[in-house]
Amino acid sequence: MKCKPNQSITQRTGQPGETEEEVVQDTNHSDHSLHVLYNEEDSMVEGNQQEKEGLDNNRQPQEPKRTPDTSENIRRKKVKWPNNKSKSEWQQFDEDVDAILNTTLAGNIDRKIESMTSFIYNIGMDRFGADEKEVVRREGQKNRRESKIAKMRKDLRQLKKRYNQASEDEKPALSELRDTIRKKLKITRRAERTRKRRKKREKARAQFTSDPFQFTSRLLGKKGSGQLKASKEEVEEYLREMHSDPKREDELPDIEQLIRPEDPEQVFDESPPKLKEVVDVIKKGRAASAPGPNGVPYKVYKNCQRITRRLWKLIRVIWRRGRLAESWHKAEGCFIPKEEKSETLKQFRTISLLNVEGKIFLAILAKRMTNYMLSNEYIDIAVQKGGVPGVSGCIEHTSVLSQIIREAKDSKGELAVVWLDLANAYGTVPHKLVELMLERYHVPDGVRELIKSTSTICS
């Protein structure tokens, strides 16, 4: 029997396990900076596999196939992924992708994440094809009443021609027949309008029950239309002004109004993310949400346990390193019109589609930050409603406002209600102020540096 492997860090072998990247000064990390950790939680290798791994120690892993760079301006086609009920297809896909990644995934952590998502996308495209939805316009079939209305209108047109050509003796009978047809047509139209209104109400009621938020947004929101008319240079300059902070490195003046919270009773959880945290974020993600530049949606991780577990291991490495993956800094920008016939940049709102893997990582960080702030009572939930789990802030604030308006109407008093909408609210907050408040709230240095690295996406 072989000696038990040392618990210290050993050099990376051909069988990929969970890796850890050394923090070095070089920006381009080599493959030698990756190591395998052998411990009870992270080890995926049994005793027999370790013996086989020792025999294959000198064998270099196969170079993964290079895929087109997602940073190009060519948007990837959507994969026609199976529905969630196709368990056998998802299971086979999960096993095949995991087996391929198990033998080909190599390089530093940034390269591993990019290669993994490229393999997932390419294999999915080859196996399931592209999701090219064709819009099929079907001519609606007329029901019995609509057919009757069309026939009566046709009869009225023919009767009008006969009336113009008829003699004076025939015109009274034709006029009486015309009035009878018009009366029946009016009654039939009224019945058809009532039926259509009833069907419309039933359809709206079903849509509201299915998705109240989307239904309300579509009903009350402004209808946007139009096409952006701006050059690439103008768009880049606009985004730079909106989302960057030119005075990021400038020191802030002393602000006496800023509070100084006391030391926390509950320390910030700096341990690497657990598998349950990753799974919880994936479960809450919408399966129909649009993917980022790499083309991999939440749907893949919802149905593939092996790939999810592999992603969890890579996320732990990123957490220890304290810097986001390079591919997580890329996003696809979408311009959505705010009003009808929009043309200028100010008439559009921007949405950035980040890669799902980075969103999962940032969601875990945000949840831990929320738990830290709430457990130490740094947030007054009587005032701050948004972003607090378990608190229906919109409903509470709307209920309070409605009650105030109702009381003013009952007492016939005067009341002024003002709604404030700050232009580019998030973009106008200085980055230095965010860093200062994180320091005053005693957030650990490693977490602050990690949050600071996320702000470089827009800088």
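Rings of Phe, Tyr and Trp (its six-membered ring) are paired here if their centres lie within 6.5 Å; planes under 30 degrees apart are called stacked, over 60 edge-to-face, and the rest tilted. The model is predicted, with local features needing pLDDT of at least 70 and side-chain atom pairs counting only at pLDDT 80 or more, while totals for chains, interfaces and linings use all residues. Residues are numbered from 1 along each chain as its sequence is written, and side-chain values use heavy atoms, leaving out hydrogens and water.

**View 1. Trp-81, Trp-90, Phe-93 and Phe-128 gather in one aromatic cluster.** With the pairing rule above, the count is twelve aromatic pairs. Start with Trp-81 and Trp-90: their ring centres are 6.0 Å apart and their planes meet at 15 degrees, so this pair is stacked. Trp-81 is buried, at 11% relative accessible area (buried is under 20%, exposed over 50% and partly exposed in between, with a 1.4 Å probe and protein chains only). Trp-90 is buried as well, at 1%.

**View 2. Phe-93 and Phe-128 make a tilted aromatic pair.** Here the distance is 5.6 Å centre to centre, with 50 degrees between the planes. Phe-93 belongs to helix 2 (residues 87-104) and Phe-128 to helix 3 (residues 109-128), so the pair ties together parts 35 residues apart in sequence. Helices (H or I, at least four residues) and strands (E, at least two) are DSSP runs numbered from the N terminus. Phe-93 is buried at 0% relative accessibility, and Phe-128 is buried at 15%.

**View 3. Lys-171 and Arg-178 both sit over the ring of Tyr-163.** A charge sits over a ring if NZ of Lys or CZ of Arg is within 6 Å of the ring centre and within 35 degrees of the ring normal. For Lys-171 the distance to the ring centre is 5.3 Å; for the charged end of Arg-178 it is 5.4 Å.

**View 4. Arg-440 is buried yet has no salt bridge.** Look for this residue in helix 13 (residues 431-440). The nearest side chain of opposite charge is Asp-254, 6.5 Å away; Lys and Arg count as positive, Asp and Glu as negative, and His and the chain ends are not counted. A salt bridge needs a side-chain nitrogen of Lys or Arg within 4 Å of a carboxyl oxygen of Asp or Glu. What does lie by the side chain of Arg-440 is the backbone oxygen of Ile-259, 3.4 Å from one of its polar atoms.

Conventions: Polar contact = N/O pair within 3.5 Å; in protein donor to acceptor, adjacent residues only side chain to side chain.
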